[in-house]
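This report goes through selected features of the structure shown below.

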Amino acid sequence: MAIGKSVIRKDAWDKVTGRAKYTNDFKEKGMLHAKLVTSPYAHARIRAIDIEKARSLPGVRAIITGEGLPLTGEDLRDRPPIAFDKVRYHGEVVALVVADTLVHAEKAANLVHVVYEPLPAVGKPSEALKEGAPLIHEQLGSYQKNEHTYPEPNTNIAHRTKIRKGNIEQGWAESDVVVETSVAFSPSDHVAIETRCATAEILPDGHIIISASSQSPFMIKRLISTYFGEDVGNIIVHTPLVGGAYGGKAPVQLELLAYLASKAVGGRKVSVWNAREEDMITSPVHIGLEATVKLGATKDGYIKAAEILFLFDGGAYSDKAIDVSRAAAVDCTGPYHIENVWCDSLCVYTNHPYATPFRGFGHSEQAFAIERAMDLLAEKLGMDKWELRRKNAIRPGHTTPTQVVLNRSNVGDLPACLDRLRELMEWDEWQRIEIDAYTVRAKGISCAWKTSTIDPDASSGVLLTFNPDGSVNVISGVVEIGTGTKTILAQIVAEKLKMDVNDVYVKMDIDTQTTPEHWKTVGSRGTFMAGRAALEAADDAIRQLKAIASCVLRASVEDLEVGYGKVFLRDDPSIYVPVKDIAYGYKYPNGNAIGGQIIGRGNYILRHLTPLNKETGAGKPGPEWTVGAEGVEIEFNRRDYTYKILKAFAVIDIGKVLNPKAALGQAMGAMSMGLSFASRETFLFDRYERVLNPQLRTYRPIRFGEHPEYIVEFIETPQIDAPYGARGAGEHGLIGMPAALANALSLAAEVPLNELPLIPELIWRKKKGDSHDSI
Amino acid sequence: MESSTKCEMQLLVNGETKSVVARQGDTLLFVLRNELGLTGAKPGCLNGDCGACTALVDGTPIKSCMMLAIETVGKEITTIEGLHNTPIQRAFVEHFAFQCGYCTPGFIMNAYALTETKPDADDATIQEWLESNICRCTSYQEIEAAVKEVLRQKRKTE
Ligand code: FES
Ligand code: FES
């Protein structure tokens with residue numbers, strides 16, 4: 001019926017006609033506008049803020065500075081919503097100007113005079129860990145934190161995750177060959193084309209109405225309540241369509257500023273909207289990393305030991321960077337069976353913009369490190385690179401680094417992915433060929449895996465309401481950030497109720513007062529969790545329909561079946577009552593009525609998740625592991641070090657393809673983002689750790705025409721407890737791309753390339769043997 | 001100070017003449033969105049880099065964040081709201097050439113102008129036109145497929 005078809009997205013026509021509305025499209029006469037005043041320094045003491053001049057401009061309604069505000073943060077409360085006493089990154093908010101129009105606010109913001117005393121700034125995590133490095137959070141020991149966050153006071157370590165599996169000494173003893181390699185990249189950005197926006201209004205009766213371009217409307221509600229002592233029931237968050245998110249709209253930042261701004265002007269509605277430059281550095285960014293990987297293997301290529309050190313560049317505040325660093329640790333080895341594992345993953349404070357989830361949640365970062373080491377190991381063993389991966393591919397019966405035992409449901413079929421990749425890429429034909437004196441073609445591969453380390457008690461709810469004609473409305477807390485999840489939910493409901501998917505309507509926007517909660521729209525978990533809730537809601541509706549039909553048809557509910565717009569007798573479908581006749585209750589000919597509007601409800605909470613043990617990391621962080629095998633083919637010019645990405649491949653085990661075109665779109669879009677990150681995206685910092693390129697002219701994502709040919713296939717190993725067996729798949733295309741590209745280019749250029757982005761200058765520097773400086 | 005620079009102007013938008021009062025410094029994007037309620041054109045950078053704000057002025061795609069509203073007086077402006085069930089819109093729907101949809105109005109306006117004015121466009125021409133817009137969600141392969149399908153149809157019917 002509806003599952004397995006490329007059902008046209010429910011938001012399609014709104015989106016191609018300009019009718020689709022995003023947070024900043026809702027304008028109201030009389031709404032006030034806020035402009036941020038941001039720090040030009042990466043690390044400085046705030047000596048004074050003079051707002052006199054700015055305040056006296058016409059149209060200015062309030063100027064807010066940072067004193068007296070509570071510290072914020074989901075795991076560790078280390079961040080003032082507006083900097084107080086000192087600034088810790090370039091672009092940090094130091095004041096907020098509220099005025100009648102954006103033009104007025106901007107003029108006034110330029111007149112806010114801040115006196116800074118610059119402090120020494122630190123950029124690289126390895127530098128931040130050195131003795132005598134500037135301390136970014138002097139009060140680290142006194143911050144409020146949750147019980148599974150372990151900051152190390154008087155250092156720049158916000159959190160450390162330890163993985164201790166097996167016996168690492170024994171692993172080395174069993175190894176004939178050992179390789180060690182280091183990789184590094186600086187922070188970069190999500191660059192959603194819709195910059196973040198939030199509005200807030202506080203009504204006289206105490207209601208706080210927020211609208212936000214966010215992946216976490218329900219979290220906004222909770223956090224505003226926690227931070228500011230507001231009653232959670234008074235807070236209502238709206239989220240319309242979101243113009244791209246990729247993890248970057250999971251944290252709560254502008255919403256707090258909008259709330260503070262509205263409070264400062266007696267509750268009037270205020271809009272806070274990021275200009276591109278602010279969106280890139282003031283709001284949270286994609287994490288940076290320095291990593292070292294040591295692998296040991298027998299001479300026939302079985303990996304026996306892995307020792308991994310991740311130093312994540314969490315930036316000035318820990319936000320969700322702690323979680324990202326933990327997620328990378330959870331899957332630190334990549335999808336390989338390794339019995340002896342030692343990993344330390346540190347979330348390190350630096351004076352960079354602060355980091356938050358980026359599509360893949362620490363996994364493309366982790367994979368870049370591991371998969372470079374895998375290529376190195378293969379070279380040292382003199383073994384085919386595909387072969388080494390195939391040999392060590394993780395399977396049911398093996399355990400993950402956090403010692404979860406895998407089975408046929410909770411992990412996909414990596415060997416099958418690898419086998420298909422080998423065919424698609426014609427791997428055995430060649431891996432490097434010289435086309436002419438200057439042109440070389442090369443292939444690189446990488447494996448990918450990921451589970452979602454979301455909160456163990458995260459839940460998702462779905463409501464189904466019926467219309468008088470028997471059609472159905474799906475109401476779910478999943479935010480439509482572009483992934484098409486709500487269309488998938490409509491397919492799931494249509495399949496379950498055996499009805500035409502065109503008769504299933506979805507409510508696109510979120511209103512936390514009327515929409516059942518979906519924890520956060522992150523981690524490729526929308527389809528799984530909301531899908532399970534939708535199935536339960538459909539079952540609930542079926543139960544209600546049968547109960548009414550049982551009276552009408554004078555038959556036991558056990559004898560009834562729902563489908564094709566009817567409730568009918570199982571053994572004689574010619575006896576039925578149309579759903580439309582009972583969707584709002586049934587009216588007998590004499591005027592008596594029974595029942596009422598059918599409202600199906602369902603919810604789902606992940607089961608059996610446990611936090612990681614502090615010393616060993618043992619624990620069950622997520623429900624299942626989606627796996628994939630990916631590759632790229634490039635053409636490299638040895639004369640000028642430029643290259644073209646010709647083809648990009650991915651074979652991903654997504655359990656079940658619910659909507660083929662939507663699934664392909666998710667995989668290819670993720671691959672595109674991974675290639676863009678790997679080949680050209682990074683913030684450039686000067687020696688004072690200021691960002692030099694917070695603009696799309698100087699920070700240049702991949703554009704039309706620079707895209708390779710994408711070749712994507714899916715393997716279907718069902719996850720038994722997921723709707724129709726479907727696995728999470730929104731991120732996996734991205735995970736292997738940076739490593740595959742680096743592996744291909746290293747082979748082409750005949751020099752190890754262990755940094756990102758892989759720009760021609762980097763390749764040239766490595767070839768010349770110069771040490772590469774970030775600028 | 002600011003009211004003195006405001007003026008009234010007549011704009012021809014999607015076939016209708018509209019009278020708006022705006023600052024001389026207001027961009028076409030600002031006026032479309034804030035004065036006329038045409039929010040299909042999106043701000044993505046206000047710097048000419050992303051193309052989310054693309055509209056047509058006398059049939060030519062321009063970045064409406066880079067053009068003053070006052071410059072468009074006497075010209076014909078077309079925004080995404082002015083396109084109705086065109087082949088390029090249908091192709092975007094069928095090829096899943098959008099995800100979040102934020103870049104989509106800009107991409108469609110650009111691609112619409114391309115397919116209308118250059119039905120014989122080769123790959124290089126397509127790239128030259130479409131590289132001025134950024135899409136962060138799709139792989140561009142879907143957009144390429146949509147545009148090429150419309151071009152194919154155009155060539156067939158000509
Ligand atoms: S907003 Fe006009 S080009 Fe980006
Ligand atoms: S569809 Fe999201 S940016 Fe293009």
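## Largest cavity

The largest cavity holds about 650 Å³ of space, in a model that is predicted. The structure has nine cavities of 30 Å³ or more. Around the largest cavity stand 42 lining residues, and those nearest its centre are A:Thr483, A:Ser524, A:Gln666, A:Ala729 and A:Gly730.

Three helices of chain A each give two or more residues to this lining: H13 (485-496), H14 (526-553) and H16 (660-680). The greatest contribution is that of H16(A), with four residues. By class, the lining of the largest cavity comprises 19 nonpolar, 17 polar and six charged residues.

## Largest pocket

The volume of the largest pocket is about 1,100 Å³. Its lining numbers 39 residues; nearest the centre are A:His33, A:Leu102 and A:Val103 from chain A, with B:Phe30 and B:Asn34 from chain B. On the side of chain A, the elements giving two or more residues to the lining are strand S1 (32-38), helix H3 (102-111), strand S12 (270-273) and helix H8 (276-281). On the side of chain B they are strand S2 (16-23) and helix H1 (28-35).

Which element gives the most to the lining of the largest pocket? That element is H1(B), with five residues. The lining of the largest pocket divides into 15 nonpolar, ten polar and 14 charged residues.

## Buried parts of chain A

Helix H7 (residues 254-264) of chain A is mostly covered, with nine of its eleven residues buried. The buried residues form the run A:Leu254, A:Glu255, A:Leu256, A:Leu257, A:Ala258, A:Tyr259, A:Leu260, A:Ala261 and A:Ser262. After H7(A) comes A:Gly266, with a positive phi near 70°.

A:Leu295 belongs to strand S14 (residues 288-297) of chain A. A:Leu295 counts as buried because its relative accessible area is 1%, below the 20% cut-off. The C-alpha atoms of A:Leu295 and A:Val178 are 5.6 Å apart in space, although the two residues are 117 residues apart in sequence.

## Backbone geometry

Most residues other than glycine have a negative phi, and most peptide bonds are trans. Against this background, the peptide bond that joins A:Leu756 and A:Pro757 is cis, with omega about -5°. A:Pro757 sits in the loop between helix H18 (737-749) and helix H19 (760-768) of chain A.

A:His608 is in the loop between strand S29 (599-605) and strand S30 (626-637) of chain A, while B:Asn85 is in the loop between S5 and helix H2 (87-94) of chain B.

Is A:His608 buried or exposed? A:His608 is exposed because its relative accessibility is 61%, over the 50% limit. B:Asn85 has a relative accessible area of 46% and is therefore partly exposed.

## Surface patch on chain B

A nonpolar patch on the surface is formed by B:Leu68, B:Ile70 and B:Val73, which together have about 190 Å² of accessible area. B:Leu68 is located in the loop between strand S4 (60-63) and strand S5 (76-78) of chain B. With a relative accessible area of 31%, B:Leu68 is partly exposed.

Key
Residues are numbered from 1 along each chain as its sequence is written. Chains are lettered from A and ligands numbered from 1 in the order in which they are written. This is a predicted model: local features need pLDDT of at least 70, side-chain atom pairs count only at pLDDT 80 or more; totals for chains, interfaces and linings use all residues. Side-chain values use heavy atoms; hydrogens and water are left out. Patches are made of residues with over 30% relative accessible area and no salt bridge: like charges are joined within 9 Å, nonpolar side chains (Val, Leu, Ile, Met, Phe, Trp, Tyr) within 5 Å. Accessible areas come from the Shrake-Rupley method with a 1.4 Å probe; for residues, only the protein chains shown count as cover. A salt bridge is a side-chain nitrogen of Lys or Arg within 4 Å of a carboxyl oxygen of Asp or Glu. Buried means under 20% relative accessible area, exposed over 50%, partly exposed in between (1.4 Å probe, protein chains only). On a 1 Å grid over the protein atoms alone, a cavity is a set of points where a 1.4 Å probe fits but cannot get out, and a pocket is an open set with protein on both sides within 12 Å along at least five of seven lines; lining residues have an atom within 4 Å of a point. Grid points are joined across faces, edges and corners, and a volume is the space filled by probe spheres set on the points. Ala, Val, Leu, Ile, Met, Phe, Trp, Tyr, Cys and Pro count as nonpolar, Asp, Glu, Lys and Arg as charged, and the others, Gly among them, as polar.
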